[in-house]
Amino acid sequence: MNANPRTPIDAGALRAALPAWRRVDVLENTGSTNADVLALAKEGSPERVAVVASEQTAGRGRLSRSWTAPAGSAIAVSALFRPVGVAPARLGLLPLVAGLAVVDMVRSVAGFPSLADGGDGPVVGLKWPNDVLLDGRKLCGILVEAESIDPPALVVGIGVNVDLTEEELPVPHATSLALAGAPVLDRTKLTAGLLDALDRREAQWRRNPVSLMADYRANCLTMGAEVRVELPGGAELLGTAVDVRQGGELVVRDDATGEERVVSAGDVRHLRARGGGYAGDGLRR
Ligand code: BTN
């Protein structure tokens, strides 16, 4: 029942649903939940604490962009992890872990009947490296910030578009759960599902990174797609995405040479599936 998806999150119900989380702060508004959790990290807070807000006045996006959504229309959540023992070179996988958790949440909580039984409803999955696509459009933003690398103290910030209308979308290639016809828009249930999935996927990443990456590949819509990779300096690579390596790099078979080339997220300016649009037809399967 979605009487009004923009009603406040039920903090008591949320905490009760999340026994694995030490602390979950639920705010009506704040500047940025990432900034709030970075401050907690600096104070020495233990991991698995989260801050959730119905409205952010200074939400942060990637590449120093801002991130905005009308009050109550989205999930804005940030969580602290201290993955001691994970090699610094592997910490860059955490945004992929977060993307997978969002996919889990959409499959298990948003209530699309066809997703649970593998039917032909909306397609949800990951556009490499960590864009969550719902029917070919971007559903959420993920920003991981480090309070420190060694020892690691990392803040995973996730913004999921829940109830935004077409007019409220920040960019035309975005979407929301409501626009995709999700039966469940209750932000308390969705946030609980998201933090539960994030807890499980982060633990899987630490314990068994091979199985985590196998699950990532199984949910990555870029695998098998014909792609155009824009590299720094204007170079372009046209080919087929054939794999995602254990370190998160994308392997593309070059159309021109037939050779496999490995690209890292940090080296890619844009990844487009050929066919146009944000995701391209190749990622709309
Ligand atoms: C992107 O640019 O795609 C990433 C956007 C990340 C937004 C989320 S909303 C919750 C958390 N708090 C922030 O200030 N940013 C992240």
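**Figure 1. The hairpin of strands S10 and S11 in the predicted model.** In the hairpin formed by S10 and S11, five residues lie between the strands, and one of the residues to look for here is Gly248, which takes a positive phi near 95 degrees. The model shown in this and the following views is a predicted one. Strand S10 (residues 236–244) and S11 run antiparallel and are joined by five bridges, and Gly239 has Asp254 in S11 as its bridge partner. Of the five residues that make up strand S11 (residues 250–254), four are buried, so this strand is largely enclosed by the rest of the structure.

**Figure 2. The hairpin of strands S11 and S12.** S11 also pairs with S12, in the antiparallel sense and over four bridges, and Leu250 stands opposite Val263 in S12. Five residues lie between S11 and S12 in this hairpin, and Gly258 in the turn has a positive phi of about 80 degrees.

**Figure 3. The surroundings of Asp267.** Asp267 is found in the loop that runs between strand S12 (260–263) and strand S13 (270–273), and with a relative accessibility of 41% this residue counts as partly exposed. When residues up to four places away in sequence are not counted, Asp267 touches Glu230, Leu231 and Pro232. The C-alpha atoms of Asp267 and Val229 are separated by 9.7 Å, although these two residues are 38 residues apart along the chain.

**Figure 4. Strand S8 and the strands that pair with it.** Strand S8 (residues 153–161) has nine of its nine residues buried, so it is largely enclosed by the rest of the structure. Ala153, Val155, Gly157, Gly159 and Asn161 point one way from S8, whereas Leu154, Val156, Ile158 and Val160 point the other way, and all of them are buried. S3 pairs with S8 in the antiparallel sense over eight bridges, with Ala76 standing opposite Gly159 in S8. Strand S7 (residues 140–148) likewise runs antiparallel to S8 and is joined to it by eight bridges, and here Gly141 stands opposite Gly159 in S8.

Figure 5. In soluble globular proteins, nonpolar side chains tend to be buried together. The largest nonpolar core in this model has 66 residues, and those with the most contacts inside it are Val106, Ile158, Leu177 and Leu198. Helix H3 (residues 94–109) contributes the largest share of this core, namely eleven residues. Leaving aside neighbours within four places in sequence, Ile158 is in contact with Ile75, Ala76, Val77, Ala98, Val102, Gly141, Ile142, Leu194 and Leu198. Ile158 and Val155 point opposite ways from S8.

Figure 6. A pair of aromatic rings is described by the distance of the centres and the angle of the planes. With ring centres required to lie within 6.5 Å, the count comes to one aromatic pair. The rings of Trp21 and Phe81 have centres 5.8 Å apart and planes at 65 degrees, and because planes over 60 degrees apart count as edge-to-face, the pair belongs to that class. Trp21 lies in the loop between helix H1 (11–16) and strand S1 (23–30), while Phe81 lies in strand S3 (residues 74–81), so the pair ties together parts that are 60 residues apart in sequence. Trp21 counts as buried at 6% relative accessibility, and Phe81 is also buried, with a relative accessible area of 0%.

**Figure 7. The whole chain, as context for the close-up views.** The protein chain has six helices and 13 strands, and along its principal axes its C-alpha trace spans about 60 × 45 × 35 Å. For 285 residues, a compact globule would have a radius of gyration near 19 Å, and the 18 Å of the protein chain agrees with this. Of these 285 residues, 50% count as buried. The protein chain exposes about 12,300 Å², of which carbon and sulfur atoms supply 50%. Among contacts between residues at least 6 apart in sequence, 66% join residues at least 24 apart.

Conventions:
Residues are numbered from 1 along each chain as its sequence is written. This is a predicted model: local features need pLDDT of at least 70, side-chain atom pairs count only at pLDDT 80 or more; totals for chains, interfaces and linings use all residues. Side-chain values use heavy atoms; hydrogens and water are left out. Rings of Phe, Tyr and Trp (its six-membered ring) pair if their centres lie within 6.5 Å; planes under 30 degrees apart count as stacked, over 60 as edge-to-face and the rest as tilted. Helices (H or I, at least four residues) and strands (E, at least two) are DSSP runs, numbered from the N terminus. Buried means under 20% relative accessible area, exposed over 50%, partly exposed in between (1.4 Å probe, protein chains only). A nonpolar core is a set of buried Ala, Val, Leu, Ile, Met, Phe, Trp, Tyr and Cys residues joined through side-chain atoms within 4.5 Å. Contact means heavy atoms within 4.5 Å. The radius of gyration is taken over C-alpha atoms; the globule rule is 2.2 Å times the number of residues to the power 0.38. Accessible areas come from the Shrake-Rupley method with a 1.4 Å probe; for residues, only the protein chains shown count as cover. Two strands pair if DSSP finds at least two bridges between them.
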